[in-house]
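The sequence and structure come first, and the discussion follows.

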Amino acid sequence: MTTTQPQRATETATAGLVIRGLSFSYPGRRRRAARQVLHEIDLDIAPGRTVAILGPNGSGKSTLIKLICSILPPDAGSISVFGASRPADIRPMVSVVFQSDGLDPHLTVYENLRDQACLYGIPRREAQSRITKQLEEAGLTDRRRDLVKTLSRGLARRVDLARAMLHRPKLLLLDEPTVGLDPMAREAFLQMVESEQQAEGGRIVLLSTHLIDEADRCDRVVLMHQGRIVADGPPTTLREELGDRRVTVLNTDTQSAPSLCDLAWERTAGGWSAPLDHDSDRVAAVVSQLANSGLAFTIAPPTLADVFEHHTGAQLDLDTDVIQEQASE
Amino acid sequence: MSTLSPQPSFATNPAAGVDRSLTSPWVVTGVIVRRELILFVRQPARVAAAIGTPCLLWLFMGSGFAQSFRPPEQLGDASYASYLLPGMMTLVAVFAAIFSSISIIQDRQDGWLQSVLVSPAPRWSIALGKTLGGAIVAWAQAALLLAAAPLLDIHLTFWAAILALLGVAATCIAMTAVGVAFAWRTETTAAFHAVMNLVFMPAWLLSGALFPPQGASAWLGLVVRLNPLSWCTQAIRGPLLGEPSFTALAGSFIFAGAALACATWIVSAPTKRST
């Protein structure tokens with residue numbers, strides 16, 4: 001585990017998303033103290049970028065999204081979206097796809113999209129044209145008259161994305177949108193996001209996720225842990241910091257791994273981890289030593305989970321119990 | 001999502017986005033009202049529950065138990081069933097307000113409410129839409145009961161009907177607005193049922209809907225007179241029994257306006273609680 005200062009991407013957010021010193025705490029209940037969920041977040045995202053916020057449950061991702069879309073008021077700090085800082089000015093430029101569908105299950109697909117167009121003041125004729133286009137892109141033209149409650153989860157998610165895209169937002173916030181989807185539906189949803197982003201390049205897409213493969217598809221990854229940004233950069237750059245390959249010794253409480261091989265070992269939640277260079281003799285020696293000791297180990301290119309573990313000492317796939325977001329409860 | 005080299009078109013073309021001025025709060029209110037009406041039509045159980053319960057109560061109490069009650073002399077020749085009819089219309093308004101308010105909690109759980117809250121629509125327009133939508137649904141149900149008036153030898157003139165329907169409108173707006181205000185801060189339907197039992201039903205029971213307040217003890221009579229729902233009940237009952245009370249009607253609309261203002265304030269108030 002390292003770092004007191006998070007690594008920062010050197011990206012200039014010219015009139016994109018600019019967050020400065022953002023802090024937030026949920027009020028305490030029944031004599032419990034308020035719980036701080038975000039600690040002085042600074043984040044710049046330039047127009048056209050697709051950025052993932054990666055972190056375990058409870059790391060503050062959803063709260064950050066809710067602050068950006070101004071559902072929640074910050075305790076301190078500022079948010080600027082394409083130059084606008086007042087919630088009333090930010091909202092027309094933002095769209096959000098939450099974990100749960102932002103759709104009325106008792107209305108038809110078309111009625112949901114029509115109402116969305118009204119909420120954003122899209123003129124009727126223009127709205128009809130956009131609804132038709134969005135439904136075509138989502139492959140849902142033949143389901144437009146179906147009640148949303150009759151759709152599968154995957155189809156409902158695509159309708160929700162179509163709803164969110166209807167007013168052509170400059171900032172699209174996706175809050176763990178693929179939770180509960182099977183792999184095929186998840187892939188279909190992500191491809192729909194990609195194709196929407198290709199069609200309109202100036203849009204910022206901010207995806208909160210705890211899934212590594214989703215984060216890996218983005219231009220940039222912001223790692224969050226306990227309400228703080230611990231690392232920030234393109235996924236390849238973040239991984240390269242840990243070397244080309246990494247040896248991980250699993251689940252051992254002993255000092256055996258460091259004592260066996262002379263590597264730059266780091267203690268992780270799952271055991272020990274160290275970077276490994278290309279020297280084939282060196283690799284062979286390490287493999288031999290570890291295999292002879294009977295320890296379970298892996299050698300593989302580093303993943304974003306390794307990066308997270310490197311920066312926090314915690315595992316990405318475990319919930320952060322320290323901070324519970326009231327939002328998701 | 002990766003490896004794109006997009007042109008920052010939004011940065012160079014700000015007009016590509018949405019102009020806030022295009023979002024009309026009144027259109028938003030209309031959209032939410034329309035949604036409430038559609039949902040009502042598509043949920044026949046709500047119609048059955050809202051109309052069936054007061055009708056049954058009216059039949060049992062107005063007819064079956066009529067001999068068990070001894071109305072005070074102030075009622076004159078009016079039967080207990082005719083006395084009870086406006087009270088049942090008030091009850092329809094209360095039930096409809098409850099159903100409409102509970103839908104806010106469901107909207108929040110479904111996620112629909114969040115998608116509305118992140119839109120440019122001002123929150124007062126959302127509160128107004130939920131209240132007016134629920135009130136229209138309630139008004140239509142309560143007005144249906146007016147059809148029973150001829151069966152009770154109530155000689156209803158055109159203006160008496162208009163005044164009674166205005167009283168019903170004020171009652172529906174007031175009760176739905178109170179429901180919206182409570183439901184906005186209530187997280188579960190179970191908690192809302194507690195609110196219903198503590199607030200709505202006592203208010204109705206103490207509105208003179210079931211029992212004439214003239215026979216009540218002094219302190220209870222005072223409670224009934226101070227209960228705003230009593231003004232609503234009286235605003236409906238007066239025209240039906242040939243004694244329209246403009247004071248009660250004005251009081252009902254003041255109550256409705258105050259409740260609507262309260263609901264709008266609660267919905268618009270910033271909160272750190274997650275919606």
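What percentage of the 275 residues of chain B count as buried? In this predicted model, 53% of the residues of chain B are counted as buried. The secondary structure of chain B comprises 11 helices and 0 strands, and along the sequence the chain follows the pattern α-α-α-α-α-α-α-α-α-α-α. Among the contacts in chain B with a separation of 6 or more, 81% are between residues 24 or more positions apart. The accessible surface of chain B is about 12100 Å², and carbon and sulfur atoms account for 69% of that surface.

On the surface of chain B, Leu56(B), Leu59(B) and Phe60(B) make up a nonpolar patch whose accessible area together is about 310 Å². Leu56(B) belongs to helix H3, residues 44-64 of chain B, and is partly exposed at 46% relative accessibility. A patch of another kind, one of negative charge, is formed on the surface by Glu240(A), Asp244(A), Asp277(A), Asp279(A) and Asp281(A). Of these residues, Asp277(A) sits in the loop between strand E12 (271-276) and helix H10 (280-293) of chain A, and its relative accessible area of 45% makes it partly exposed.

**Salt bridges**

Side chains of opposite charge can pair when their charged atoms come close.

| Acidic residue | Basic residue | N to O distance |
| Asp101(A) | Arg157(A) | 2.8 Å |
| Asp104(A) | Arg35(B) | 2.4 Å |
| Asp232(A) | Arg220(A) | 2.8 Å |

The salt bridge between Asp101(A) and Arg157(A) links distant parts of the chain, with Asp101(A) in the loop between strand E5 (94-97) and helix H3 (109-119) of chain A and Arg157(A) in helix H5 (residues 153-165), 56 residues apart. Asp101(A) is buried at a relative accessible area of 14%, and Arg157(A) is buried at 0%.

Where do the partners Arg35(B) and Asp104(A) lie? Arg35(B) forms its salt bridge with Asp104(A) from helix H2 (residues 25-41) of chain B, while Asp104(A) lies in the loop between E5 and H3 of chain A, so the pair joins two chains. Arg35(B) counts as buried with 2% relative accessibility, and Asp104(A) is likewise buried, with a relative accessible area of 1%.

In the salt bridge of Asp232(A) with Arg220(A), the former is in strand E9 (residues 228-233) and the latter in strand E8 (residues 220-225) of chain A, so the pair ties together parts that are 12 residues apart in sequence. Both Asp232(A) and Arg220(A) are buried. Elsewhere, salt bridges that share partners bring Asp101(A), Arg153(A), Arg157(A), Asp160(A) and Arg163(A) into one network.

**Backbone and local contacts in chain A**

Most residues other than glycine have a negative phi. Glu40(A), in strand E2 (residues 35-45) of chain A, has a positive phi near 45° and is exposed, with a relative accessible area of 60%. Phe82(A) has a positive phi near 50° and is placed in the loop between strand E4 (76-81) and helix H2 (87-90) of chain A, where the residue is buried at a relative accessible area of 14%.

Thr248(A), part of strand E10 (residues 245-250) of chain A, counts as buried at 15% relative accessibility. Leaving aside residues up to four places away in sequence, Thr248(A) touches Trp272(A), Ser273(A), Ala296(A), Phe297(A) and Thr298(A).

Technical notes. Residues are numbered from 1 along each chain as its sequence is written. Chains are lettered from A and ligands numbered from 1 in the order in which they are written. This is a predicted model: local features need pLDDT of at least 70, side-chain atom pairs count only at pLDDT 80 or more; totals for chains, interfaces and linings use all residues. Side-chain values use heavy atoms; hydrogens and water are left out. Patches are made of residues with over 30% relative accessible area and no salt bridge: like charges are joined within 9 Å, nonpolar side chains (Val, Leu, Ile, Met, Phe, Trp, Tyr) within 5 Å. Accessible areas come from the Shrake-Rupley method with a 1.4 Å probe; for residues, only the protein chains shown count as cover. A salt bridge is a side-chain nitrogen of Lys or Arg within 4 Å of a carboxyl oxygen of Asp or Glu. Lys and Arg count as positive and Asp and Glu as negative; His and the chain ends are not counted. The place of a charge is taken as NZ of Lys, CZ of Arg, CG of Asp or CD of Glu. Helices (H or I, at least four residues) and strands (E, at least two) are DSSP runs, numbered from the N terminus. Buried means under 20% relative accessible area, exposed over 50%, partly exposed in between (1.4 Å probe, protein chains only). Contact means heavy atoms within 4.5 Å.
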